[in-house]
Amino acid sequence: MVVMNILRWLRGTVDFTATGKFPERFINLALREDIALINPIGEKGKLSSTTFVSDYRDLRQVARKSGVKLHIQKKHGLPFVIHKNKNRSGLLAGAVLFIVIVQILSMFIWSVEIVGQDTVSTTRIRQSLESNGVRVGAYKGSINVQETERKITLDLGQVGWMSINLIGTDAYVELSESVKVPEILPLDKPCNLKAVKGGQIVKLEVANGDKKVKIGDGVAKGQLLVSGIMSDADSKMAYFVHSSGKVLAAVHEEKQIAVNKVKQCNLPTGAMIQQSQLRLFNFGVPLGLAAVPQGTYNRQIWMESMVINGNTLPIDVVTHKNYAYEMQTISCDSQTAEKICHTRTALTDVFYMWDKNIISETAVLQENDKSYIYNVVYSTIENIAVKAPIELLD
Amino acid sequence: MSVKNGKNDGSQGKRQSFFSPASLAILPFLEMKSNREVTVEGCKGILEYDKEIIRINTGGMVISFKGRGLNIKCLTISSVVIEGFITAVEFVC
(Lines give C-alpha, C1' and ligand atoms only; values in the text may rest on other atoms or scores of the structure.)
Protein backbone atom coordinates (compact mmCIF):
# COMPACT_ATOMS: atom_id res chain seq x y z
CA MET A 1 0.00 0.00 0.00
CA VAL A 2 2.90 2.33 0.79
CA VAL A 3 4.46 1.65 -2.62
CA MET A 4 1.08 2.26 -4.26
CA ASN A 5 0.75 5.60 -2.46
CA ILE A 6 4.28 6.61 -3.51
CA LEU A 7 3.53 5.73 -7.15
CA ARG A 8 0.27 7.68 -6.99
CA TRP A 9 2.09 10.68 -5.52
CA LEU A 10 4.73 10.52 -8.26
CA ARG A 11 2.09 10.36 -11.03
CA GLY A 12 -0.14 12.97 -9.39
CA THR A 13 -3.83 12.51 -8.58
CA VAL A 14 -6.96 14.68 -8.69
CA ASP A 15 -9.96 14.38 -6.31
CA PHE A 16 -13.12 15.33 -8.21
CA THR A 17 -16.90 15.14 -8.08
CA ALA A 18 -19.12 14.37 -11.06
CA THR A 19 -22.65 15.78 -10.72
CA GLY A 20 -25.46 15.10 -13.14
CA LYS A 21 -28.35 12.85 -13.87
CA PHE A 22 -26.40 9.70 -14.74
CA PRO A 23 -23.13 9.38 -12.84
CA GLU A 24 -23.34 5.56 -13.35
CA ARG A 25 -23.08 6.12 -17.13
CA PHE A 26 -20.03 8.23 -16.43
CA ILE A 27 -18.42 5.29 -14.53
CA ASN A 28 -19.16 2.84 -17.35
CA LEU A 29 -17.81 5.15 -20.07
CA ALA A 30 -14.68 5.89 -18.01
CA LEU A 31 -14.04 2.16 -17.62
CA ARG A 32 -14.45 1.61 -21.34
CA GLU A 33 -11.91 4.38 -21.99
CA ASP A 34 -9.58 2.54 -19.62
CA ILE A 35 -9.52 5.38 -17.13
CA ALA A 36 -8.85 4.31 -13.56
CA LEU A 37 -11.31 5.61 -10.97
CA ILE A 38 -9.87 5.30 -7.48
CA ASN A 39 -12.33 4.92 -4.55
CA PRO A 40 -15.55 5.95 -6.38
CA ILE A 41 -18.22 6.94 -3.84
CA GLY A 42 -21.71 7.25 -5.25
CA GLU A 43 -24.67 9.28 -4.02
CA LYS A 44 -27.92 10.42 -5.61
CA GLY A 45 -26.81 12.23 -8.79
CA LYS A 46 -23.26 12.62 -7.58
CA LEU A 47 -20.03 10.67 -7.73
CA SER A 48 -16.85 11.47 -5.83
CA SER A 49 -13.66 9.80 -6.96
CA THR A 50 -9.95 10.20 -7.58
CA THR A 51 -8.03 9.74 -10.82
CA PHE A 52 -4.54 10.28 -12.18
CA VAL A 53 -3.65 13.67 -13.68
CA SER A 54 -2.91 12.10 -17.06
CA ASP A 55 -6.38 10.46 -17.11
CA TYR A 56 -8.25 13.56 -15.97
CA ARG A 57 -7.93 15.26 -19.37
CA ASP A 58 -9.65 12.28 -21.07
CA LEU A 59 -12.27 12.27 -18.33
CA ARG A 60 -13.64 15.64 -19.53
CA GLN A 61 -14.72 14.10 -22.82
CA VAL A 62 -16.37 11.21 -20.94
CA ALA A 63 -18.19 13.72 -18.72
CA ARG A 64 -19.51 15.57 -21.77
CA LYS A 65 -20.85 12.30 -23.26
CA SER A 66 -22.53 11.21 -20.02
CA GLY A 67 -23.92 14.65 -19.22
CA VAL A 68 -22.19 15.25 -15.90
CA LYS A 69 -20.16 18.19 -14.71
CA LEU A 70 -16.73 17.73 -13.20
CA HIS A 71 -15.47 19.75 -10.24
CA ILE A 72 -11.92 19.40 -8.98
CA GLN A 73 -11.80 19.13 -5.19
CA LYS A 74 -8.11 18.69 -4.50
CA LYS A 75 -4.83 18.07 -6.33
CA HIS A 76 -2.04 15.89 -4.97
CA GLY A 77 1.38 14.73 -6.14
CA LEU A 78 4.70 15.64 -7.65
CA PRO A 79 3.47 17.16 -10.96
CA PHE A 80 1.61 19.85 -8.97
CA VAL A 81 4.64 20.51 -6.73
CA ILE A 82 6.80 20.96 -9.84
CA HIS A 83 4.18 23.16 -11.48
CA LYS A 84 3.91 25.31 -8.36
CA ASN A 85 7.67 25.86 -8.22
CA LYS A 86 8.42 26.03 -11.94
CA ASN A 87 9.53 29.67 -11.73
CA ARG A 88 11.88 29.00 -8.83
CA SER A 89 14.88 27.73 -10.80
CA GLY A 90 17.20 28.12 -7.80
CA LEU A 91 15.29 25.44 -5.96
CA LEU A 92 15.77 23.00 -8.83
CA ALA A 93 19.43 23.93 -9.18
CA GLY A 94 19.89 23.40 -5.42
CA ALA A 95 18.23 19.97 -5.56
CA VAL A 96 20.41 18.95 -8.52
CA LEU A 97 23.52 20.30 -6.82
CA PHE A 98 22.62 18.43 -3.64
CA ILE A 99 22.29 15.14 -5.52
CA VAL A 100 25.57 15.74 -7.39
CA ILE A 101 27.45 16.61 -4.17
CA VAL A 102 26.07 13.55 -2.36
CA GLN A 103 27.07 11.36 -5.32
CA ILE A 104 30.59 12.80 -5.42
CA LEU A 105 31.10 12.59 -1.64
CA SER A 106 29.87 8.99 -1.57
CA MET A 107 32.81 8.05 -3.79
CA PHE A 108 35.23 8.74 -0.93
CA ILE A 109 35.89 7.10 2.44
CA TRP A 110 34.39 9.02 5.34
CA SER A 111 35.51 6.84 8.22
CA VAL A 112 37.79 3.91 8.95
CA GLU A 113 36.78 1.47 11.68
CA ILE A 114 39.08 -1.25 12.93
CA VAL A 115 37.84 -4.27 14.86
CA GLY A 116 39.48 -7.47 16.10
CA GLN A 117 42.82 -6.09 17.28
CA ASP A 118 44.08 -7.14 20.69
CA THR A 119 47.82 -6.85 21.08
CA VAL A 120 48.62 -5.00 17.85
CA SER A 121 48.36 -1.24 18.36
CA THR A 122 45.41 0.49 16.68
CA THR A 123 47.67 3.43 15.79
CA ARG A 124 50.08 1.07 14.05
CA ILE A 125 47.27 -0.55 12.07
CA ARG A 126 45.89 2.89 11.16
CA GLN A 127 49.35 4.05 10.01
CA SER A 128 49.76 0.92 7.91
CA LEU A 129 46.31 1.44 6.38
CA GLU A 130 47.09 5.09 5.62
CA SER A 131 50.40 4.25 3.99
CA ASN A 132 48.52 1.76 1.78
CA GLY A 133 45.87 4.29 0.79
CA VAL A 134 43.02 3.35 3.15
CA ARG A 135 42.36 6.64 4.93
CA VAL A 136 39.62 9.20 5.40
CA GLY A 137 39.21 11.11 2.13
CA ALA A 138 40.65 8.36 -0.09
CA TYR A 139 38.87 7.66 -3.39
CA LYS A 140 37.22 4.24 -3.07
CA GLY A 141 37.88 3.32 -6.70
CA SER A 142 41.65 3.66 -6.23
CA ILE A 143 41.80 0.97 -3.52
CA ASN A 144 42.68 -2.54 -4.62
CA VAL A 145 41.22 -4.30 -1.60
CA GLN A 146 42.84 -7.71 -2.02
CA GLU A 147 46.30 -6.33 -2.69
CA THR A 148 46.01 -3.87 0.19
CA GLU A 149 44.94 -6.67 2.55
CA ARG A 150 47.98 -8.73 1.52
CA LYS A 151 50.37 -5.80 1.91
CA ILE A 152 49.08 -4.81 5.35
CA THR A 153 49.12 -8.42 6.58
CA LEU A 154 52.80 -8.66 5.58
CA ASP A 155 53.56 -5.19 6.94
CA LEU A 156 52.06 -5.81 10.39
CA GLY A 157 53.37 -9.37 10.71
CA GLN A 158 51.24 -10.35 13.69
CA VAL A 159 48.02 -10.46 11.67
CA GLY A 160 46.78 -13.88 10.60
CA TRP A 161 43.79 -12.75 8.58
CA MET A 162 42.33 -9.41 7.64
CA SER A 163 39.47 -8.10 5.56
CA ILE A 164 38.74 -4.58 4.32
CA ASN A 165 35.04 -4.03 3.62
CA LEU A 166 34.09 -0.82 1.82
CA ILE A 167 30.43 -0.43 2.78
CA GLY A 168 28.90 2.84 1.66
CA THR A 169 31.32 5.53 2.76
CA ASP A 170 32.80 3.50 5.62
CA ALA A 171 35.83 1.24 5.53
CA TYR A 172 35.42 -1.59 8.04
CA VAL A 173 38.70 -3.33 8.75
CA GLU A 174 38.32 -6.69 10.45
CA LEU A 175 41.36 -8.64 11.49
CA SER A 176 42.38 -11.55 13.63
CA GLU A 177 45.80 -11.68 15.14
CA SER A 178 48.03 -14.70 14.65
CA VAL A 179 49.00 -16.61 17.78
CA LYS A 180 52.47 -18.10 18.05
CA VAL A 181 52.11 -21.79 18.77
CA PRO A 182 54.59 -22.87 21.46
CA GLU A 183 57.10 -25.43 20.35
CA ILE A 184 55.88 -28.76 21.67
CA LEU A 185 57.99 -31.84 21.35
CA PRO A 186 55.93 -34.73 19.93
CA LEU A 187 55.26 -37.49 22.47
CA ASP A 188 56.81 -40.16 20.20
CA LYS A 189 60.16 -38.34 20.13
CA PRO A 190 62.64 -39.40 22.84
CA CYS A 191 63.94 -36.67 25.13
CA ASN A 192 65.80 -35.97 28.39
CA LEU A 193 64.95 -33.48 31.11
CA LYS A 194 67.74 -30.97 31.75
CA ALA A 195 68.16 -28.22 34.35
CA VAL A 196 67.44 -24.75 33.01
CA LYS A 197 68.88 -23.17 36.20
CA GLY A 198 71.20 -24.19 39.01
CA GLY A 199 69.70 -25.00 42.44
CA GLN A 200 68.97 -27.59 45.11
CA ILE A 201 66.30 -30.19 44.36
CA VAL A 202 63.39 -30.26 46.80
CA LYS A 203 60.84 -32.40 44.96
CA LEU A 204 60.76 -34.85 42.05
CA GLU A 205 57.59 -35.64 40.13
CA VAL A 206 58.80 -37.79 37.26
CA ALA A 207 56.15 -39.47 35.12
CA ASN A 208 58.46 -41.08 32.58
CA GLY A 209 62.21 -41.53 32.30
CA ASP A 210 65.20 -42.56 34.37
CA LYS A 211 65.89 -40.24 37.36
CA LYS A 212 69.52 -39.17 37.51
CA VAL A 213 69.25 -36.94 40.59
CA LYS A 214 67.60 -37.23 43.99
CA ILE A 215 66.08 -34.85 46.52
CA GLY A 216 68.71 -32.71 48.23
CA ASP A 217 71.16 -32.84 45.31
CA GLY A 218 72.61 -29.61 44.01
CA VAL A 219 72.44 -29.23 40.24
CA ALA A 220 74.12 -26.88 37.77
CA LYS A 221 72.55 -25.28 34.72
CA GLY A 222 72.35 -27.78 31.83
CA GLN A 223 72.80 -30.85 34.05
CA LEU A 224 70.88 -34.00 33.10
CA LEU A 225 67.98 -34.54 35.52
CA VAL A 226 65.95 -37.33 33.92
CA SER A 227 67.31 -39.49 31.15
CA GLY A 228 65.25 -40.68 28.20
CA ILE A 229 67.43 -43.76 27.74
CA MET A 230 66.11 -46.71 29.75
CA SER A 231 67.39 -50.26 29.93
CA ASP A 232 65.33 -53.42 30.19
CA ALA A 233 66.37 -55.47 33.25
CA ASP A 234 65.67 -58.84 31.58
CA SER A 235 67.03 -58.39 28.08
CA LYS A 236 69.52 -55.66 29.12
CA MET A 237 68.59 -53.81 25.97
CA ALA A 238 68.46 -50.02 25.91
CA TYR A 239 65.37 -48.18 24.65
CA PHE A 240 64.33 -44.58 24.35
CA VAL A 241 61.44 -42.85 26.07
CA HIS A 242 59.86 -39.40 26.05
CA SER A 243 60.78 -38.12 29.53
CA SER A 244 58.24 -36.05 31.34
CA GLY A 245 57.70 -34.65 34.83
CA LYS A 246 58.60 -31.81 37.13
CA VAL A 247 61.79 -31.20 39.07
CA LEU A 248 61.24 -28.56 41.74
CA ALA A 249 64.36 -26.90 43.10
CA ALA A 250 65.25 -24.09 45.50
CA VAL A 251 66.82 -21.45 43.30
CA HIS A 252 68.62 -18.26 44.24
CA GLU A 253 68.17 -15.41 41.82
CA GLU A 254 69.85 -12.04 42.09
CA LYS A 255 68.67 -8.80 40.57
CA GLN A 256 70.45 -5.47 40.63
CA ILE A 257 68.83 -2.06 40.38
CA ALA A 258 71.02 1.02 39.92
CA VAL A 259 69.88 4.59 40.60
CA ASN A 260 72.19 7.48 39.66
CA LYS A 261 72.88 10.07 42.36
CA VAL A 262 72.68 12.88 39.85
CA LYS A 263 70.80 12.54 36.63
CA GLN A 264 69.44 14.72 33.87
CA CYS A 265 65.98 14.17 32.56
CA ASN A 266 63.18 15.88 30.69
CA LEU A 267 60.45 17.01 33.07
CA PRO A 268 57.18 18.82 32.35
CA THR A 269 57.27 22.52 33.10
CA GLY A 270 53.48 22.72 33.46
CA ALA A 271 53.04 24.90 30.38
CA MET A 272 50.61 23.59 27.77
CA ILE A 273 49.68 24.97 24.35
CA GLN A 274 46.48 23.71 22.77
CA GLN A 275 45.90 23.77 19.02
CA SER A 276 42.58 22.81 17.49
CA GLN A 277 41.76 22.12 13.88
CA LEU A 278 38.50 21.50 12.04
CA ARG A 279 39.10 18.84 9.42
CA LEU A 280 36.96 17.91 6.41
CA PHE A 281 38.44 14.86 4.72
CA ASN A 282 42.12 15.88 4.45
CA PHE A 283 41.56 19.62 4.50
CA GLY A 284 42.16 21.26 7.86
CA VAL A 285 41.21 24.72 9.10
CA PRO A 286 42.92 25.92 12.31
CA LEU A 287 40.52 27.06 15.03
CA GLY A 288 43.02 29.30 16.78
CA LEU A 289 46.27 31.20 16.40
CA ALA A 290 48.38 29.26 18.91
CA ALA A 291 51.89 28.60 17.62
CA VAL A 292 53.89 25.38 17.85
CA PRO A 293 55.90 25.50 21.11
CA GLN A 294 59.66 25.83 20.98
CA GLY A 295 61.99 23.21 22.44
CA THR A 296 61.02 19.81 23.71
CA TYR A 297 57.37 19.02 24.13
CA ASN A 298 55.09 16.04 24.44
CA ARG A 299 52.16 16.13 22.05
CA GLN A 300 48.87 14.36 22.72
CA ILE A 301 46.40 14.21 19.83
CA TRP A 302 42.64 13.93 20.40
CA MET A 303 40.27 13.42 17.50
CA GLU A 304 36.50 13.74 17.75
CA SER A 305 34.43 12.77 14.71
CA MET A 306 30.91 13.97 14.03
CA VAL A 307 28.41 11.11 14.19
CA ILE A 308 24.80 11.32 13.02
CA ASN A 309 22.51 8.33 13.51
CA GLY A 310 25.51 6.08 14.07
CA ASN A 311 27.14 7.17 10.79
CA THR A 312 30.54 8.78 11.10
CA LEU A 313 30.90 11.91 8.99
CA PRO A 314 34.25 13.04 7.56
CA ILE A 315 34.18 16.12 9.80
CA ASP A 316 36.59 15.96 12.74
CA VAL A 317 37.84 18.30 15.39
CA VAL A 318 41.51 17.46 16.00
CA THR A 319 43.03 18.84 19.19
CA HIS A 320 46.79 18.88 19.77
CA LYS A 321 47.83 19.32 23.40
CA ASN A 322 51.52 20.24 23.56
CA TYR A 323 53.05 19.83 27.03
CA ALA A 324 56.40 21.68 27.35
CA TYR A 325 59.33 19.69 28.77
CA GLU A 326 62.63 20.96 30.09
CA MET A 327 65.94 19.26 30.76
CA GLN A 328 66.54 19.33 34.52
CA THR A 329 69.25 17.99 36.79
CA ILE A 330 67.95 15.96 39.70
CA SER A 331 70.00 14.83 42.65
CA CYS A 332 68.84 11.77 44.52
CA ASP A 333 69.46 10.93 48.20
CA SER A 334 69.52 7.44 49.70
CA GLN A 335 65.90 7.57 50.90
CA THR A 336 64.57 8.56 47.48
CA ALA A 337 66.77 5.90 45.83
CA GLU A 338 65.38 3.26 48.20
CA LYS A 339 61.84 4.29 47.39
CA ILE A 340 62.54 4.07 43.64
CA CYS A 341 64.13 0.66 44.11
CA HIS A 342 61.18 -0.59 46.18
CA THR A 343 58.78 0.45 43.44
CA ARG A 344 60.86 -1.27 40.74
CA THR A 345 61.14 -4.42 42.86
CA ALA A 346 57.37 -4.49 43.33
CA LEU A 347 56.93 -4.19 39.57
CA THR A 348 59.44 -7.01 39.01
CA ASP A 349 57.52 -9.22 41.46
CA VAL A 350 54.27 -8.59 39.64
CA PHE A 351 55.45 -8.87 36.03
CA TYR A 352 58.46 -11.25 36.08
CA MET A 353 58.18 -13.40 39.23
CA TRP A 354 54.42 -14.06 39.11
CA ASP A 355 54.82 -17.76 38.18
CA LYS A 356 57.45 -18.48 40.84
CA ASN A 357 56.94 -19.46 44.45
CA ILE A 358 59.02 -16.84 46.32
CA ILE A 359 60.26 -18.21 49.64
CA SER A 360 62.31 -15.20 50.71
CA GLU A 361 63.45 -11.87 49.34
CA THR A 362 66.42 -9.99 50.81
CA ALA A 363 67.55 -6.55 49.65
CA VAL A 364 70.64 -4.48 50.41
CA LEU A 365 71.27 -0.89 49.31
CA GLN A 366 74.89 -0.07 48.53
CA GLU A 367 76.43 3.18 47.48
CA ASN A 368 79.37 4.17 45.28
CA ASP A 369 80.57 7.52 43.89
CA LYS A 370 77.98 7.85 41.14
CA SER A 371 75.01 5.70 42.09
CA TYR A 372 73.06 3.68 44.58
CA ILE A 373 72.91 -0.06 43.88
CA TYR A 374 70.08 -2.12 45.22
CA ASN A 375 70.78 -5.86 45.32
CA VAL A 376 67.77 -8.15 45.67
CA VAL A 377 68.22 -11.87 46.22
CA TYR A 378 65.17 -14.04 45.66
CA SER A 379 64.90 -17.57 47.02
CA THR A 380 62.27 -19.36 44.98
CA ILE A 381 61.01 -22.86 44.39
CA GLU A 382 60.39 -23.51 40.73
CA ASN A 383 60.36 -26.20 38.10
CA ILE A 384 63.82 -26.24 36.54
CA ALA A 385 63.27 -29.20 34.19
CA VAL A 386 63.14 -28.54 30.48
CA LYS A 387 62.82 -31.09 27.68
CA ALA A 388 65.89 -31.66 25.53
CA PRO A 389 65.34 -33.96 22.52
CA ILE A 390 67.68 -36.90 21.95
CA GLU A 391 69.03 -36.68 18.43
CA LEU A 392 69.38 -40.15 16.91
CA LEU A 393 71.94 -40.56 14.15
CA ASP A 394 71.69 -43.36 11.59
CA MET B 1 -31.97 -19.44 -17.20
CA SER B 2 -32.93 -21.77 -19.92
CA VAL B 3 -34.23 -24.15 -17.25
CA LYS B 4 -36.49 -21.41 -15.83
CA ASN B 5 -37.81 -20.47 -19.26
CA GLY B 6 -38.74 -24.04 -19.94
CA LYS B 7 -36.60 -24.24 -23.03
CA ASN B 8 -34.69 -27.11 -21.52
CA ASP B 9 -37.00 -30.16 -21.45
CA GLY B 10 -34.94 -31.88 -18.75
CA SER B 11 -32.99 -34.24 -21.00
CA GLN B 12 -29.64 -35.24 -19.54
CA GLY B 13 -27.60 -34.20 -22.58
CA LYS B 14 -28.86 -30.56 -22.60
CA ARG B 15 -28.25 -30.19 -18.82
CA GLN B 16 -24.66 -31.29 -19.34
CA SER B 17 -24.19 -28.61 -22.02
CA PHE B 18 -25.66 -25.94 -19.65
CA PHE B 19 -23.08 -26.78 -16.96
CA SER B 20 -20.22 -27.27 -19.40
CA PRO B 21 -17.07 -25.16 -18.75
CA ALA B 22 -17.78 -23.05 -21.85
CA SER B 23 -21.23 -22.09 -20.56
CA LEU B 24 -19.99 -21.39 -17.04
CA ALA B 25 -17.28 -19.07 -18.37
CA ILE B 26 -19.81 -16.54 -19.69
CA LEU B 27 -21.90 -16.54 -16.49
CA PRO B 28 -21.12 -14.00 -13.78
CA PHE B 29 -19.07 -15.26 -10.88
CA LEU B 30 -19.98 -14.03 -7.40
CA GLU B 31 -17.87 -14.44 -4.30
CA MET B 32 -19.22 -13.22 -0.96
CA LYS B 33 -17.44 -12.70 2.36
CA SER B 34 -20.39 -12.96 4.69
CA ASN B 35 -22.64 -9.97 3.97
CA ARG B 36 -19.76 -7.46 4.13
CA GLU B 37 -18.03 -7.81 0.79
CA VAL B 38 -18.89 -9.24 -2.59
CA THR B 39 -16.79 -9.67 -5.71
CA VAL B 40 -18.63 -9.81 -9.03
CA GLU B 41 -16.71 -11.01 -12.08
CA GLY B 42 -18.29 -10.68 -15.48
CA CYS B 43 -19.66 -7.20 -14.87
CA LYS B 44 -20.78 -5.32 -17.98
CA GLY B 45 -21.59 -1.99 -16.33
CA ILE B 46 -22.96 -0.13 -13.31
CA LEU B 47 -26.65 0.72 -13.62
CA GLU B 48 -27.17 2.36 -10.26
CA TYR B 49 -24.76 3.43 -7.59
CA ASP B 50 -26.00 4.67 -4.25
CA LYS B 51 -25.27 4.04 -0.59
CA GLU B 52 -28.40 1.89 -0.28
CA ILE B 53 -28.40 0.09 -3.63
CA ILE B 54 -25.92 -0.92 -6.29
CA ARG B 55 -27.23 -2.49 -9.49
CA ILE B 56 -24.86 -4.26 -11.83
CA ASN B 57 -25.45 -5.39 -15.38
CA THR B 58 -23.85 -8.76 -16.09
CA GLY B 59 -25.18 -9.18 -19.64
CA GLY B 60 -27.81 -11.88 -19.06
CA MET B 61 -29.18 -10.48 -15.82
CA VAL B 62 -29.08 -7.53 -13.47
CA ILE B 63 -27.86 -8.14 -9.94
CA SER B 64 -28.99 -5.72 -7.24
CA PHE B 65 -27.23 -5.44 -3.91
CA LYS B 66 -29.24 -3.67 -1.25
CA GLY B 67 -27.96 -2.61 2.12
CA ARG B 68 -26.40 0.21 4.15
CA GLY B 69 -23.23 2.19 3.42
CA LEU B 70 -22.55 0.35 0.16
CA ASN B 71 -19.40 1.36 -1.59
CA ILE B 72 -17.44 0.23 -4.65
CA LYS B 73 -14.05 -0.68 -3.27
CA CYS B 74 -12.45 -1.68 -6.56
CA LEU B 75 -13.58 -1.27 -10.10
CA THR B 76 -12.22 -2.70 -13.35
CA ILE B 77 -13.66 -3.23 -16.82
CA SER B 78 -14.90 -6.76 -15.98
CA SER B 79 -15.14 -6.97 -12.20
CA VAL B 80 -16.32 -4.99 -9.24
CA VAL B 81 -15.82 -5.32 -5.47
CA ILE B 82 -18.63 -3.99 -3.31
CA GLU B 83 -18.26 -3.51 0.42
CA GLY B 84 -20.78 -2.48 3.03
CA PHE B 85 -23.62 -4.06 5.00
CA ILE B 86 -25.50 -6.11 2.38
CA THR B 87 -29.04 -6.99 3.39
CA ALA B 88 -30.42 -8.39 0.11
CA VAL B 89 -29.24 -9.69 -3.25
CA GLU B 90 -31.68 -9.72 -6.16
CA PHE B 91 -31.29 -11.34 -9.56
CA VAL B 92 -33.44 -9.82 -12.28
CA CYS B 93 -33.46 -11.87 -15.45
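Two strands pair if DSSP finds at least two bridges between them. The legends below apply this to a predicted model.

**View 1. β2 and β3 of chain A pair side by side in the antiparallel sense.** Strand β3 covers residues 46-52 of chain A. The pairing of β2(A) with β3(A) runs over 4 bridges. One residue pair to look for is A:I41 and A:S48. A:S48 belongs to β3(A) and is the bridge partner of A:I41.

**View 2. β2(A) and β3(A) belong to an open sheet of 4 strands.** Read across the sheet, the order is β2-β3-β1-β4 in chain A. The pairing is antiparallel. Which strands form the edges? They are β2 and β4 of chain A, and each pairs on one side only. β4(A) spans residues 68-76. On average, neighbouring strands of this sheet are turned by 20° against each other, direction ignored.

**View 3. A:N39 has a positive phi.** Most residues other than glycine have a negative phi. A:N39 is not a glycine, yet its phi is near 50°. This residue is found in strand β2 of chain A. Is A:N39 partly exposed or buried? A:N39 has 13 C-beta neighbours inside 10 Å, so it counts as partly exposed.

**View 4. A:N309 also has a positive phi, of about 55°.** A:N309 is not a glycine either. Its place is the loop between β18 and β19 of chain A. β18(A) covers residues 297-308, and β19(A) covers residues 311-331. Why does A:N309 count as exposed? Because A:N309 has 4 C-beta neighbours inside 10 Å, and a residue is exposed if the number is 12 or fewer.

**View 5. Chain A touches chain B.** The contact takes 11 residues from chain A and 11 residues from chain B. On the side of chain A, α2 (23-32) and β2 (38-43) each supply at least two residues. α2(A) gives the largest share, 5 residues. What kinds of residue make up this side of chain A? There are 6 nonpolar, 2 polar and 3 charged residues.

**View 6. Chain B has 2 helices and 6 strands.** Along the sequence, the pattern of chain B is α-α-β-β-β-β-β-β. How many of its 93 residues count as buried? The share is 17%. Now take the contacts in chain B with a separation of 6 or more. Residues 24 or more positions apart account for 33% of them.

Technical notes:
Residues numbered from 1 in each chain as written. Chains lettered and ligands numbered in written order. Predicted model: local features only at pLDDT ≥ 70, side-chain atom pairs only at ≥ 80, totals over all residues. Contact = placed C-beta atoms within 7 Å. Nonpolar A, V, L, I, M, F, W, Y, C, P; charged D, E, K, R; others polar. Buried ≥ 20, exposed ≤ 12 C-beta atoms within 10 Å, placed from the backbone. Axes fitted to C-alpha atoms, helices over the stretch in contact; angles between N-to-C directions.
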